[in-house]
Amino acid sequence: MNEVYVSINGKEKVVQFINGNKVLVEGKEFQFDLSKDNEYHYFLRLDKKTFDITKVAKDKNKIAILTKGNYFECIVRSKLEINAETILAHSEKSRHKEDVVSPMPGMVLKIQKKENEEIVIGESVLILEAMKMENEVTSPFSGLLKKIYVQENTPVEKGSKLFRIE
Amino acid sequence: MFKKILIANRGEIAVRIIRACKELEIVSASVYSESDKYALHARLADESYFIGESLPSESYLNQDKIIQLAKAINADAIHPGYGFLSENASFIKKVEESGIVFIGPSSKSVEMMGSKTAARKLMKRNGVPIVPGTTEKILSLDAAKISANEIGYPILFKASAGGGGKGMKRVFAETEIASAFDSAQREALKAFGDDAVYIEKLVEHPKHIEVQIIADKFGNYCHLFERECSVQRRHQKVIEEAPSSFLDEETRKKLTSAAINAAKSCGYFNAGTIEFLVDKYKNFFFLEMNTRLQVEHPVTEFISGIDLVKEQMKIAAGEPLSFKQDDLHILGHAIECRIYAEDPENNFLPITGTVEYHRLPSGPNIRVDRGIETGSEISRFYDPLLSKISVMEKQRYAAIKRMDIALSDYLIAGIKTNITFLKRILKNDKFISGEYTIDLIEEDFSGVREICQNEDLENAAAIFSAYLKLLPQNNKHVKVVSTSNKWTELRYE
């Protein structure tokens, strides 16, 4: 297995490693030379072009990098993973049924909606305070506010569940 | 001159002040909280002292602890930096009473300018134009509605006790006023311990232009020209430049003399900044006075050639200004970019984490002020400002290019920053033409995320991330070629 499907900027690019320093991107061949300074800093030569690259974050299949002042988020998957996802997507009804998580650590200041209320996309559900600023947390889609996981005046961590829309 | 200065701050500004101390051969003493034990400012100072837990109220805002410490270590002056206690009149008064010199204005000046409503009254009396609105605290929702109707929508609620966008809410129609009033009061109370808010007419599409002034204790006042700080997100500045390409010589003259009048009206000494809103007809209105050193002071230092921090120390020590107004000339065009740990694609929310790798840009007239390096923890306790890049060139466009290159050379790993966002602003037509207002980011950069579509960069990013994907599963394919230097060559076999 030397094939990786990379989703970048809304495009899908197939990257195939041939040997030592040959790689195909969408069938186009490049000479490449990758070196590591440390786990977070790499240097890539692509043909004769140079790229200093730093790893901003890696979360499962999501890799975020910075090169020449440009930030990229790439989703990397094998053929197998893509197939598995296609099957899953078909088996499960694509309904919006999702937990909304806290985008940052902060304090729940005010909950503006009640459970079982109908929420319209973009509507503010609660106010989160971080860095002494109030931030409205809005619903990313319309639906029923099924559950509120937090209470007013309690701190939340980044990524912790705030509420559920179904 | 002082023998020892205690720096009651952290991060890049503490580092900046430590440098000035060293240049003046003054012993620098920094303070640090629990989470800042190994922070740059705690290591660069000649001496450093633990002052408490990470929560600012336990450490950097703990007035008594800081003053007691200053006495115990025989510091003869305290530099407050910006933020934290820098504009806290009661703290400054305590410092004055303790016999230690406060490097900044008198508590009296700070108090006069600290209440925004009192400052507005003072300016009105001294002929400095103010934004139409109330000069008193709004006591009730009904009173707010009456004032708003008199002034005319859109209006702005602002906190009497502070700035930085906290307690600030825009209202375009009466239906929005109740929730905005509540929210403004809540934010003001949280941020400043005072829920007083007042109303200003919302000046639509203004520029934010401010004047740096400096004065000694002998009544000598100088201005160090203006800074344009119109590139703002969430009411906070992101890019600042000096001079402003919008001002002609005549407006500059009027603006700077209004600034000096404002400073004189509160008997000001040391460095300070008078902020103005400027409308498209070049009418300007007093916004507030910042009675302290500002984040964006490097651009003024670039174009004036004056070291503001050293000058602050000399003034505090009782020396007269080392220059006169006529000695000052605009030496070029300077730009500063603030590097924040934040997510521009997600409403600029602050990001926490570890700086895993850090390489700074350098080159002619590129200046970096920083409080971080590889290994630094960015905690939720403090402002997410990581560093500031400032550049100068003869002409504005050349300065923009220099900044763009500097940002490209800045490598930072492990934490998302606004670097790419800043580069996008530098390429924006309105920014390049200089015809931008404080609404630039909201108008041109909200909503759809604009992405870099450069194919070379995309390919490099794709190959690199594909490689990282293969790495854990196919180690047998990855050959590590050790080289004589620290670089490790990776090969796919």
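The model is predicted. Chain A is assigned two parts, domain 1 (3–88) and domain 2 (98–165), while chain B is divided into domain 1 (4–103), domain 2 (132–201), domain 3 (207–445) and domain 4 (455–492). Between them, chain A and chain B bury about 6100 Å², and six salt bridges are found across their interface.

**Domains**

- In chain A, the C-alpha centres of domain 1 and domain 2 lie 35 Å apart.
- In chain B, 40 Å separate the C-alpha centres of domain 3 and domain 4.

**Interface of chain A and chain B**

- The contact takes 65 residues from chain A and 63 residues from chain B.
- The size of an interface is often given as the accessible area lost when the parts come together.
- Here that area is about 6100 Å², with 65% of it on carbon and sulfur atoms.
- In polar contact across the interface are 15 residue pairs, both residues of each pair being at pLDDT 80 or more.
- On the side of chain A that touches chain B, the classes are 33 nonpolar, 15 polar and 17 charged residues.
- A salt bridge joins the side chains of A:K11 and B:E458, with an N to O distance of 2.9 Å.

**Strand pairing between the chains**

- Strand β4 (residues 28–38) of chain A pairs with strand β24 (residues 488–492) of chain B.
- The pairing of β4 of chain A with β24 of chain B is antiparallel and runs over three bridges.
- In this pairing, A:L34 stands opposite B:L490 of β24(B).

**Open sheet in chain A**

- Four strands of chain A form an open sheet in the order β9-β16-β14-β11, with antiparallel pairing.
- Its edge strands are β9 (98–101) and β11 (118–119) of chain A, each of which pairs on one side only.
- Strand β9(A) is joined by four bridges to strand β16 (residues 161–165) of chain A, and the two run antiparallel.
- A:V100 stands opposite A:F163, a residue of β16(A).

**Salt bridges**

- Over all chains, the structure holds 53 salt bridges.
- One of them is between A:D33 and A:R45, whose closest N and O atoms are 3.7 Å apart.
- This pair links distant parts of the chain, 12 residues apart: A:D33 is in strand β4 of chain A and A:R45 is in strand β5 (residues 41–46) of chain A.
- Strand β4 of chain A is also the strand that pairs with β24 of chain B.

- Most residues other than glycine have a negative phi, and most peptide bonds are trans.
- The peptide bond from B:Y153 to B:P154 is cis, with omega near -5°.
- B:P154 is placed in the loop between α7 (141–151) and β6 (155–159) of chain B.
- B:P243 lies in the loop between β11 (236–242) and α9 (249–265) of chain B.
- A:K68, a residue other than glycine, has a positive phi near 50°.
- The loop that holds A:K68 is between β7 (62–67) and β8 (70–77) of chain A.

How values were computed
Residues numbered from 1 in each chain as written. Chains lettered and ligands numbered in written order. Predicted model: local features only at pLDDT ≥ 70, side-chain atom pairs only at ≥ 80, totals over all residues. Heavy atoms only, no water. Domains from an automatic or database assignment. Contact = heavy atoms within 4.5 Å. Buried area = accessible area lost by both parts, 1.4 Å probe. Salt bridge = Lys/Arg side-chain N within 4 Å of Asp/Glu carboxyl O. Polar contact = N/O pair within 3.5 Å; in protein donor to acceptor, adjacent residues only side chain to side chain. Nonpolar A, V, L, I, M, F, W, Y, C, P; charged D, E, K, R; others polar. Pairing = 2+ DSSP bridges.
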